[in-house]
Amino acid sequence: MDEAVRVRGLNKTYKNFSLKDISFSVPKGSIVGLIGENGAGKTTILKSILNLISRESGEIQIFGHDNIKDEKYIKEQIGVVFDESSFHDTLNVKNISKFMGKIYKQWDSNLFFNYLDKFQVPKNKIVKEFSRGMKMKLCIAAALAHNPKLLILDEATGGLDPVAREEILDIFLDFIQDEEHSILLSSHVTSDLDKIADYITFIHEGQVVFSKSKDDLRENMGILKCGSSYFNNLSKEEFINYRKNQFGYEVLISDKYDFIKKHPKLVVDNTSIEDVMLFYIRGDK
Amino acid sequence: MDIIISNSSDKPIYEQISAQIKNAIISGALPEGYALPSMRFLAKELRISVITTKRAYTDLEKDGFIETVKGKGSFVAGKNMEIIKEEQLRLAEEYLQKAVDIAKASGIRYEELEDILKLLYKGE
Amino acid sequence: MKGLILKDLYNLKNNGKSIIFVLVVFSFVSFSQNNIGFLIGYTILLGSMLVINTMSYDNIAKWDKYALTMPVTRRDVVFSKYLVSIISSFMGAAIAIALCFAQEVYKNKLDVMEILVVTGIVLAIDFLFISFILPIVYKFGVEKSRIFILVIFIIPFAIIMVGRSKFAKLKLSPLAIQYMNIILQYLPIILLLITILVMAVSYSISVKVYGNKDM
């Protein structure tokens, strides 16, 4: 079993929105980022994986087990973090450790408190008094403290200052040092994914646009900036799509090195995940 | 061991890594049997994807510079001087070819080029 | 599931001050009247309503979504709420008995049997009350259910009030009285059985409603 998560043919219909035929995987030992606009369906996909919502069709396997049949077994080994703290305002961390310990078989309260110390989360305050960053770190500590094999995060780093974000990304990279561990995270802070993701799955209007390795995205793709004369001479196979402005064209190239060999005089810049996303959503073919 | 990568270089990151490790091995800074950092640890420290470091290590192994033992890690391979010398010779030839192309394109004579080479190699 | 109950108990403890305040006020009120039924009724009712409070806290914290990512089934979540309501009703009963004891001892009118009987009946009524309320809360949410809660609360109260006065005016034949006494003997067991049955049905309904909810 070399896939931590395997989604095939997931379909879910709401009144104004639906997921169509979603298929992708999280290879064991990797970090997979789900990107897409707000409302594209990232959260719906994660909720389906976690069986928080029903689905019309589709097969979802976690650690090789069906996500509904073996739900309880699977959930002992998953740590989940949502975009808001899920703990009640009046609880303190000691309360939390006590009752979480009765929910998870593998809850390690020493580990929990070690993480809290490392993250500098106060032990004697109640959740209401925590800053947003502290609340997220608390949830991450809770997610890690029962030794899960898979972390699932939904927009967990939005709204954090850059320092807190980097601290949390470092924690994820630490988690991944064990190659039995995997992470699936959705984020529209694509710069975070630029840093740590191994694979990127792009969701747009309820469908998977692509699933690629991040290196492929960042190193093979490129952005050509040129005038209309050069643009008109390009053949359609050479690029993915383009954006036109008053003074020229920006073109998304799928194979940068190949392109440079064919057009040595043209300059092709590096891309970021955000660039690619914007091109796909706002560009033209 | 220092490994410095740049996002704005025109070389892919995995190539930058393998080039730097290669140079360190050739120069003797990394002796035979030296244990390289794990791919995952390197990925974490450089804040890049583990797929990138894996590719760099795979390339290094393919070219004979390192050996990967499953479960133990990657180690600097016994130096096969012949292979290395051949590799470096190829590289030098590549660069010299570039110099020759530039000279011919701008009308620089062979003798001028030879003088420059002598200067660079033997010093002033 | 133990963990879920513990979480609710912590939340109740942490929000306990307002509840205790209300309790103190009611104690004074019932002390001035001579009606232990009132005190017992309100105390146990308060106890059983605490579970609604815990559901409100859960809503605010968006806890359910999170809880269901843990090795906890939807049945566990619902069952824990029923258990919490039972536990808090008993806690209310214990406090009520203690308060009544104190009152009656002070007034030198101690009637242990009466206290226990009234407590038993009120507990049963409360469990029935919870059995009606919980499925409604699961279906409509805490806020929308508050009206239902008010209505359903008034009904047993009204029945007891009306029933009491009508009963007092009845003239019963000796045979009827005999039958009544037999019924009264078995009343505790009858009440218990009815309560368990109704709660079980209520639980199945709640599980069905909650089980189909998208988080």
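How many bridges join strand β7 of chain A to strand β8 of chain A, and do the two run parallel or antiparallel? In this predicted model, strand β7 (residues 150-154) and strand β8 (residues 182-186) of chain A are joined by five bridges, and the two run parallel. Within β8(A), the residue that stands opposite A:Leu150 is A:Ser182.

That pair belongs to a bigger picture. Chain A has an open sheet of six strands, and reading across gives the order β6-β7-β8-β3-β9-β10. The pairing in this sheet is mixed. At the edges stand β6 and β10 (207-213) of chain A; each has a single partner strand, so one side of each is left without a neighbour in the sheet. Going from one strand to the next, the twist averages 15°. A helix also packs on the sheet: α1 of chain A, residues 42-49. Helix α1 touches β3 (31-35), β7, β8 and β9 (199-204) of chain A, and its direction makes about 145° with that of β7(A).

Now for the neighbours of chain A, starting with chain C. The contact between them takes 24 residues from chain A and 22 residues from chain C. On the chain A side, the elements that give two or more residues are α2 (71-75), β6 (78-81) and α3 (93-101). Of these, α3(A) gives the most, with four residues. So far as residue types go, the side of chain A that touches chain C divides into twelve nonpolar, five polar and seven charged residues.

Chain B meets chain A through other elements. Here 14 residues of chain A are in contact with twelve residues of chain B. On the chain A side, α6 (162-175), α7 (190-196) and α8 (214-220) each supply at least two residues. The largest share comes from α8(A), which puts in three residues. The make-up of this side of chain A is four nonpolar, three polar and seven charged residues.

Chain B itself comes in parts. Its domain assignment gives domain 1, covering 13-76, and domain 2, covering 81-122. And how far apart do the C-alpha centres of these two domains of chain B lie? The distance between the centres of domain 1 and domain 2 of chain B is 29 Å.

Notes
Residues are numbered from 1 along each chain as its sequence is written. Chains are lettered from A and ligands numbered from 1 in the order in which they are written. This is a predicted model: local features need pLDDT of at least 70, side-chain atom pairs count only at pLDDT 80 or more; totals for chains, interfaces and linings use all residues. Domain bounds come from an automatic or database domain assignment. Two residues are in contact if their C-beta atoms, placed from the backbone, lie within 7 Å. Ala, Val, Leu, Ile, Met, Phe, Trp, Tyr, Cys and Pro count as nonpolar, Asp, Glu, Lys and Arg as charged, and the others, Gly among them, as polar. Two strands pair if DSSP finds at least two bridges between them. Axes are lines fitted to C-alpha atoms, for helices over the stretch in contact, and angles run from 0 to 180 degrees between N-to-C directions.
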